[in-house]
Amino acid sequence: PRLSLPFAVGQCGNQVGCRFWDLALREHAAVNKKGIYDEALSSFFRNVDTRSGGDGPDIYRGKICSLKARALLIDMEEGVVNEILQGPLRDVFDSKQLITDVSGSGNNWAVGHKLYGCQYRENIVEKLRKTAEHCDCLQCFFIIHSMGGGTGSGLGTFVLNLLEDEFPEVYRFVTSVYPSGEDDVITSPYNSVLAMKELNDHADCVLPIENESLFDIVNKIHQMINSGKLGSTVKQNSLVTSSAGSAKTVQEKPFDAMNNIVANLLLNLTSSARFEGSLNMDLNEISMNLVPFPRLHYLVSSLTPLYTLADVNVPSRRLDQMFSDAFSRDHQLIQADPKHSLYLACALLVRGNVQVSDLRRNIERLKPSLHFVSWNQEGWKTGLCSVPPVGHSHSLLALANNTCVKPTFIELKDRFMKLYKKKAHLHHYLHIDGMEQDCFSEAILSLSDLIEEYDELDATKGGPRTDPPRLKIAV
Amino acid sequence: MSIVTVQLGQCGNQIGHEVFNAICSDIHGTPGLCSKKENESYHDACKERFFCEEESEVPVARAVLVDMEPKVISQTLSLAARSGYWKYDDRSHFCQKQGSGNNWANGYSVHGPRHKEVIMNLVQKEAEKCDRLGGFFTIMSMAGGTGSGLGAFVTQCLRDAFPTSFILNHVIWPYSTGEVIVQNYNSVLTLSHLYQSSDALLVHENDVIHKICAQLMNIKQISFRDVNQVIAHQLGSVFQPTYTAEGGLHYSRNLLGELMETLVPHPEFKMLGLRNIPQMPENSLAYSTFSWPGLIKHLRQMLIANAKMEEGIDWQVRPPGPVSSIPSSHSTKKPLHFNTSIANLVILRGKDMHSVDLERFRDPSLYTSWLNPQDAFNAWKTPRAFNKYEKSASLVSNSQFLLKPLDNVVGKAWNMFASKAYIHQYTKFGIEEEDFLDSFTALEQVISSYTIL
């Protein structure tokens, strides 16, 4: 089977991962009525014969026996992973896929990257090879993590390096949750910038996510439900609200709803690789089309409809409205303003009963209000997948390579410099074996260079367009 | 003589399937509006050309299906089998898992060499099943990675392995507002490479077919399936049997050979455009009648004015005055937008086509000065109606039809190349900047040649 192999690293990574597998199971259950283990399922799950108790051999065809997620769950604390193993997904994972420790990384990138990295390298490689053994084609790796902490950030980027060493040809996609300005982890700027350097150098594609955006989206959904507008009704077992007062549940499990959104992103991203459609879009195609220069691989994602995430019965919006929504800031997973910045490339992955004429019409309609770089005026990558998400007739995922990510990086750099100038908390990092002052200066340099690359592109915006002269042929 | 079809990539396989469908539905499902004997001859000629009737109950298409990911081939095979009228040979396909990532270099430099033996073995098997091999027909899009890159490589292999066989490449031009961001790079690389190994490139543009679907077929929500079915109809109108000689007694057997002979007199000029009229929704067919003179008149003006379909033709465009005695291409002032031809082929299907007057297609002013107009024009006919159309006329033209689209694609690719965007994705798989420059040079040469006609 063709595999996309997710790695959930750290607390955030594993919480998102948990939501991802839950949604993936639901999605496949809705499509796969006959209970046959098919190609689509095999991209994320193994089929294991557990009839004789315990872990039997893998079954490659026929009826579904017991589905096990193809994944590695890594955390240097046990809390989150243990919760997963005691929860409804406990049968989806087995101990061979887990790598845990007890003391955590103390929100310290160096502990995650240098200390635990070194310590667990062999273990990770071994488990990785075992998992990869079962498939004939490894298409890509997904790393799900946060940037601000210690494990997800440090060990997560260590894994990234490791993947490049061991499997250089397999694409590396990273879903990174960036800390907000009011993050309660003081050292999150250090962790993030140190991690950024690794992402710059070793990731093929990064989908940055900001908690603020996720929070806003969850609130919006809330408002829609509570205001009773659009005749919306709440489905049972909704993750966003309970049958009683809605606010209560949000406070209890604020991150679940937000994590759902990220999980949906991954589900939609891989849908065309799993299900059929008239214009397939594989993950390696996403990397090919959206990354014009190696380091400019940060993509702004937006999802619509948002109600897929809330188990809410809302009458489907008009198809064209869906496209407009995808280009509205409300639907983005990071705080950025693509409409006033420069598009380098844009991908649209549509699911459901949508045809090529719908795509063309909407691209024509939206194009005039967007600024594309001079050498990619018609830079659209499109995909049509026939299978919509559960409970909806269609959905759209937009991925944009746009210079609007620059302010996010500049802010990050500023927060880093505030701490670094005062040498605040540096000693916590420097006393870790393998960690030197150079690591910090290299990391900030890498970030500055990246910002400069975006600057250079921005400078071309709105300028006069002179096409380069064509080759002349002697007649 | 039989033709072996090679379907490459998602587009190639989706279209290939519709082509065999169209051909089959033409011989089974539609009245020929001719004598029983005529119908039988037509049927036999078509079967020989495209199908193999071995031990199976239904005819087996002479085709090899190639793709670098499994979903499309699997769908194509099962759809064909379900039709009940024809199917593919269950073993005549090759696919991998990881796809080509829209990367021409990946298709050409990695997948090509890696899988050359297996693919060529499948082709060889199909070729051996033919009593007489009439050549190869490959279907691919230029925009992606497999059809384009692997397609270019396979075409080269076909040329090497079958040096005397004819190779016709059917190439799909992507929507100009983009399906794939690097489509212009992929297109430039594909066209320049195909030009070296192929005998002719028969082109369909998605934008044009889309318009036909919208304006002539009245389809509201156009899907790729709709587009592919129009393309299949147009291809069928060229590929189905015809009498190629005036007063011929038998259906011509050598489709590809005769196509090349009539349309490609010079290796510098290989770009063929296709027009087919009339085109309309199936439920309107019963209410429409056409006259041959009317159809011919429209087709000729479509040629002259480079119209893509029978609506919106610019009737103002006229051919230039008598050719001056000085054979210099710059002295004849050709009016703007006038489409100069090298060679044209008109195919007429339906009754009473014997009496059709095609003299105006032989007008020397339509053609470039360096060819004898008598040689530049040919007509193939059959009284047997095609695919429910009582009368159907097609034009296959080697002319300036594709000059503007080609120039556009090269221009956009060059623009992107100047900024070096995406080049690292290609060099990663062994296609260097010099390779790009070679391709650009080759295509600028083709553009220049067509421009000064």
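1. Contact here means heavy atoms within 4.5 Å. With that in hand, and bearing in mind that this is a predicted model, start where the two chains meet: 55 residues of chain A are in contact with 50 residues of chain B.

2. How much area is buried between chain B and chain A? About 4,400 Å², with carbon and sulfur atoms giving 52% of that. As background, interface size is often quoted as the accessible area lost when the parts come together.

3. Searching the whole structure turns up 7 cavities of 30 Å³ or more, and the largest cavity has a volume of about 490 Å³. It is lined by 34 residues, and those closest to its centre are Leu279(A), Gln10(B), Cys11(B), Ser141(B) and Gly144(B).

4. Which elements of chain B line that largest cavity? At least two residues each come from α1 (9-29), α5 (146-161), β8 (167-173) and α8 (224-239) of chain B. The most comes from α1(B), which gives 6 residues. By class, the lining of the largest cavity has 17 polar, 11 nonpolar and 6 charged residues.

5. Now for an open space: the second largest pocket, which holds about 850 Å³. Its lining has 34 residues, and Gln11(A), Cys12(A), Ser146(A), Asp183(A) and Val185(A) lie nearest the centre. In chain A, the elements giving two or more residues to this lining are α1 (10-31), α5 (151-166), β7 (171-178), α7 (211-226) and α9 (254-274). The largest share, 6 residues, is from α1(A). Sorted by class, the lining of the second largest pocket comes to 18 polar, 10 nonpolar and 6 charged residues.

6. Finally, the cysteines. How many disulfides does a search of the whole structure find? The count over all chains is 0. Take Cys140(A), which is in no disulfide: the nearest cysteine sulfur belongs to Cys205(A) and is 9.5 Å away. Cys140(A) is also buried, at a relative accessible area of 0%.

How values were computed
Residues are numbered from 1 along each chain as its sequence is written. Chains are lettered from A and ligands numbered from 1 in the order in which they are written. This is a predicted model: local features need pLDDT of at least 70, side-chain atom pairs count only at pLDDT 80 or more; totals for chains, interfaces and linings use all residues. Side-chain values use heavy atoms; hydrogens and water are left out. On a 1 Å grid over the protein atoms alone, a cavity is a set of points where a 1.4 Å probe fits but cannot get out, and a pocket is an open set with protein on both sides within 12 Å along at least five of seven lines; lining residues have an atom within 4 Å of a point. Grid points are joined across faces, edges and corners, and a volume is the space filled by probe spheres set on the points. Helices (H or I, at least four residues) and strands (E, at least two) are DSSP runs, numbered from the N terminus. Ala, Val, Leu, Ile, Met, Phe, Trp, Tyr, Cys and Pro count as nonpolar, Asp, Glu, Lys and Arg as charged, and the others, Gly among them, as polar. A disulfide is a pair of cysteine sulfur atoms within 2.5 Å. Buried means under 20% relative accessible area, exposed over 50%, partly exposed in between (1.4 Å probe, protein chains only). Buried area is the accessible area (1.4 Å probe) that two parts lose on being put together, summed over both.
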